[in-house]
Amino acid sequence: MPVEPPDDDATVTFTVPSRFNGPADSANGGYACGLFAGLGAARHGRDVAVTLLAPPPLDTDLEFRPGGRRSRIQHGDRLIATVTADTGEPPVIEPVSAVAAAEASLRFAGEPGHPFRTCFVCGVDREEGDGLLLTPGPVPGLPGTVACPWTPGPSVTDDEGYAEPPVLWGALDCPGGWTDDPAREPMVLSRMTARITERPRLGHPYVVVGRRVRRAGRTAVNATALYTEDGRLLAHASAVWAAVNDTTTSGALRVHS
């Protein structure tokens, strides 16, 4: 799944496999950001911010073009995303117990109004072992907070049994979107940065938590985190989302996580 980053100034051609969709015809925003971040790490350092400017197409040649302060993801002449160094630190939200996360997942609002039913991360129409099937639901007593369990399966882990980084970015992305009501007001990922201390392992149970940090008009800032069941932080992220008028991918920012 990951693409080898360039070790020089060479352009890298790659594709996002159709499995990793958000809407049916474009990439999951978090997965795409994680893939692009991996390509930009050699140029900009481990901590990068990815800004999505257009829907990343699936099964289509894209180009990573290294730059000084900013690298670009291009589809022909169309700018899909930029990758830059990020010197900030995403906020760390507190853990939710495994029991509370399991109970919260029962309140997932993905039925019947999921706007992206085949999303790789949270789509309700994906098959077991294909999508992640995350079901983040509201946590009582914690306004704007959702949580759910996640146990990585063999289809998203490497030969050593660790979750692939783009998959982890995806898992850190979608729960943030469910801190609002995407069935009523669909939103799309605009910008994301993540810090990964330790990758989750195959077959081990974890808890994903998302929290709305602030909302201003049609823009929301969300924080997410991945914890072990005993409350040890493995990864955390911050994302900016923008509300859209529909769930198609015809507009400039129809990218879903």
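Figure 1. Ala49 stands opposite Thr84 of β5. Strands β2 (residues 48-52) and β5 (residues 78-85) run antiparallel and are joined by five bridges; two strands pair if DSSP finds at least two bridges between them. Thr84 also faces Arg70. Strand β4 (residues 70-75) is antiparallel to β5, with six bridges in the pairing. A hairpin is formed by β4 and β5 with two residues between them, and Gly76 in its turn has a positive phi of about 65 degrees. Helices (H or I, at least four residues) and strands (E, at least two) are DSSP runs, numbered from the N terminus. This is a predicted model, in which local features need pLDDT of at least 70 and side-chain atom pairs count only at pLDDT 80 or more, while totals for chains, interfaces and linings use all residues. Residues are numbered from 1 along each chain as its sequence is written, and side-chain values use heavy atoms, with hydrogens and water left out.

Figure 2. Eleven strands, paired in the antiparallel sense, make up an open sheet in the order β1-β3-β4-β5-β2-β8-β11-β10-β9-β7-β6. At its edges lie β1 and β6 (137-138), each of which pairs on one side only. Three bridges connect β2 with strand β8 (residues 187-196) in an antiparallel pairing, where Thr51 has Arg191 of β8 as its bridge partner. Helix α2 (residues 98-105) packs on the sheet and touches β6, β7 (145-150) and β9 (206-216), its direction making about 100 degrees with that of β7. Helix α3 also packs on the sheet, touching β2, β7, β8, β9, β10 (219-228) and β11 (233-243); the direction of α3 makes about 130 degrees with that of β8. Contact means heavy atoms within 4.5 Å.

**Figure 3. The crossing of helices α1 and α3.** The axes of helix α1 (residues 29-44) and helix α3 (residues 165-177) come within 7 Å and cross at roughly 140 degrees. This angle makes α1 oblique to α3 (under 35 degrees counts as roughly parallel, over 145 as roughly antiparallel, 65 to 115 as roughly perpendicular and the rest as oblique). Axes are lines fitted to C-alpha atoms, for helices over the stretch in contact, and angles run from 0 to 180 degrees between N-to-C directions. From α1, the residues Gly29, Gly30, Tyr31, Cys33, Gly34, Leu35 and Ala37 meet Pro166, Val167, Trp169, Gly170 and Asp173 of α3. The residues of this contact comprise seven nonpolar, four polar and one charged (Ala, Val, Leu, Ile, Met, Phe, Trp, Tyr, Cys and Pro count as nonpolar, Asp, Glu, Lys and Arg as charged, and the others, Gly among them, as polar).

**Figure 4. The aromatic pair of Phe20 and Tyr31.** Rings of Phe, Tyr and Trp (its six-membered ring) pair if their centres lie within 6.5 Å; planes under 30 degrees apart count as stacked, over 60 as edge-to-face and the rest as tilted. The count by this rule comes to five aromatic pairs. The ring centres of Phe20 and Tyr31 are 4.0 Å apart and the planes lie at 5 degrees, so the pair is stacked. Phe20, in the loop between β1 (12-14) and α1, is eleven residues apart from Tyr31 in helix α1.

Figure 5. Glu111 and Pro112 are joined by a cis peptide bond with omega of about 0 degrees. Leu133, although not a glycine, has a positive phi of about 60 degrees.
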